[in-house]
Every structure is written in C-alpha cells, then in structure tokens.
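Student: I have a model open and want to learn how to read it. Where do we start?

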Amino acid sequence: QLCALCSTTVFVFLSTGPTVLGSVVKGNVGQNITVPCFYRVRRAEDLTSMCWGRDSCPVSKCYETIIWTDGWKVTEQYNSRYMLKGNLLMGDVSLTIVNAEEADSGIYCCRVEISGWFNDQTSNHNVVIEKARISTASPHTYTSEQTSASGTASESSYTIGRTWPSVSASEAPQTASSPCSSTSDCLDVTSNLQNVSVSLPIQQYSENWLYIGIGLCAVLLVILILALFLT
C-alpha cells in the first residue's frame with residue numbers, strides 16, 4: 001500500500017509539469033484586455049503549439065479551450081472575441097479579449113506544449129472585469145437659503161425664485177457711490193445740462209454769421225481793387 005501511495009504521488013507530481021505563477025489582470029467592461037503569456041524562442045525549431053482555456057490548467061491540454069496555435073499561426077478559434085495579437089514567431093502568445101464582458105472574469109490557463117515528458121509550460125491567470133465607474137454626483141442646485149445639517153428634505157426645496165422678506169431702509173445696503181447727495185443737487189445738474197444743450201446751437205449760429213461777414217468783405221475788397229484798376 002505504501003508503494004502504491006508513493007507511485008501515485010510521484011505520478012501526480014510529474015504529470016503537472018512546470019507551472020509558472022500567473023498574473024492578475026484587471027479591466028473594465030468594453031475594453032480590450034490582454035493576458036500575458038510568453039515562451040522562449042531562439043530558433044525556428046523552438047516554435048511549438050499552445051492553447052488557452054478557461055479554469056486552471058489540467059494535466060494536459062486545456063479545459064474549455066478558447067484558442068490553439070501551432071506556433072506559426074492560429075489553428076483553432078472558438079470565439080472571435082479571443083485573439084492572439086502578439087508576435088507568435090517571437091513566442092508572444094498573449095491572449096487579447098476584445099470588448100470584455102463581466103462574464104469573461106475568471107481563471108485562464110496558458111499551456112505551451114514543449115517536447116519531452118512533463119515539460120509543458122503552464123500558467124494560470126486571474127482576469128477581473130468590472131463595470132466602469134460612473135460618477136453619481138448630481139449637479140449643484142442653488143437654493144435661496146442654506147439647509148442646515150439637521151434639516152429635512154422639505155427644507156432644501158426652496159428655489160431661487162422665492163420672494164424675499166422686505167428690508168427696512170436702515171438695513172438696506174449702501175451703494176458704493178451716489179451721483180447726487182440731495183434732490184436739489186440733481187436739479188442743478190439737470191438745469192446745467194439743459195443750458196449747455198441750448199447754448200451750443202446759438203454759438204454755432206453766431207459763428208456762421210461771422211464767416212458770412214468775412215466772405216462779404218472779401219468780395220467788396222475784390223470789387224474795389226477792380227474799380228481802381230479800371231480807373
């Protein structure tokens with residue numbers, strides 16, 4: 001019985017093969033998510049087949065296989081949203097999940113088949129797809145009076161159009177400056193403006209007569225010179 005237990009333990013240990021510690025990949029719904037996976041390629045002979053599957057890597061192959069490649073190209077693809085966009089010839093077999101959904105969350109297995117007994121390279125990756133966070137803050141609503149912290153919902157419903165209480169003359173705010181200190185001052189300013197507006201046409205009228213007089217003098221002077229010349 002002891003030998004049988006030992007042989008079973010050795011078989012299980014060997015059949016699992018080398019396992020690489022995977023990564024945790026987080027993303028939002030609607031994004032393209034890339035789950036990394038690489039293996040070493042030094043020459044063309046190193047190119048080999050590999051698979052991606054859901055759940056942890058089994059003893060061989062992949063559970064719920066998503067995609068297969070022979071090392072040169074994709075040979076099997078079970079969902080168009082799962083793609084290998086890396087350079088396969090350089091050993092980049094990272095999985096790209098296009099337009100990720102919440103249902104894509106879970107464990108993914110990357111198995112690279114390497115020739116020889118129990119030589120497969122396996123890695124398990126935890127993918128977490130979350131809904132994008134949307135701000136729930138509502139726009140500010142300006143109210144006619146601030147609601148206290150202990151106020152109820154009804155106390156915050158006053159709008160800006162509320163009728164304000166009357167303010168007495170003694171409580172009314174003073175303006176920065178006043179054009180008139182009293183009623184008489186305002187009347188004096190108004191009368192002065194009217195006088196200025198009346199005097200402007202009179203002054204313009206007298207200036208016109210001055211120009212006419214100068215013109216007449218010039219004409220008479222020319223006539224006098226011509227008369228002297230003819231005489």
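Student: What is the mean pLDDT of the chain?

Tutor: The mean is 74, and 59% of residues reach 70 or more. Over residues 1-17 the pLDDT is below 50, with five contacts beyond near neighbours in sequence. This is a predicted model: local features need pLDDT of at least 70, side-chain atom pairs count only at 80 or more, and totals for chains, interfaces and linings use all residues. Numbering runs from 1 along each chain as its sequence is written, and side-chain values use heavy atoms, leaving out hydrogens and water.

Student: In what order do the strands of the open sheet run?

Tutor: Strands of a sheet pair through backbone hydrogen bonds, either parallel or antiparallel. Here three strands have the order 3-8-7, with antiparallel pairing. Strands are DSSP E runs of at least two residues, numbered from the N terminus; two of them pair if DSSP finds at least two bridges between them. Strand 3 (33-35) and strand 7 (82-83) are the edges, each pairing on one side only. Three bridges join strand 3 to strand 8 (residues 95-97). T34 stands opposite T96 in strand 8.

Student: Why does T96 count as buried?

Tutor: Buried means under 20% relative accessible area (1.4 Å probe, protein chains only), exposed over 50%, partly exposed in between. T96 counts as buried because its relative accessibility is 5%. Beyond four places in sequence, T96 has contacts that include I33, Y82 and M83.

Conventions. Helix = DSSP H or I, 4+ residues; strand = E, 2+ residues; numbered from the N terminus. pLDDT = per-residue confidence, 0-100. Contact = heavy atoms within 4.5 Å.
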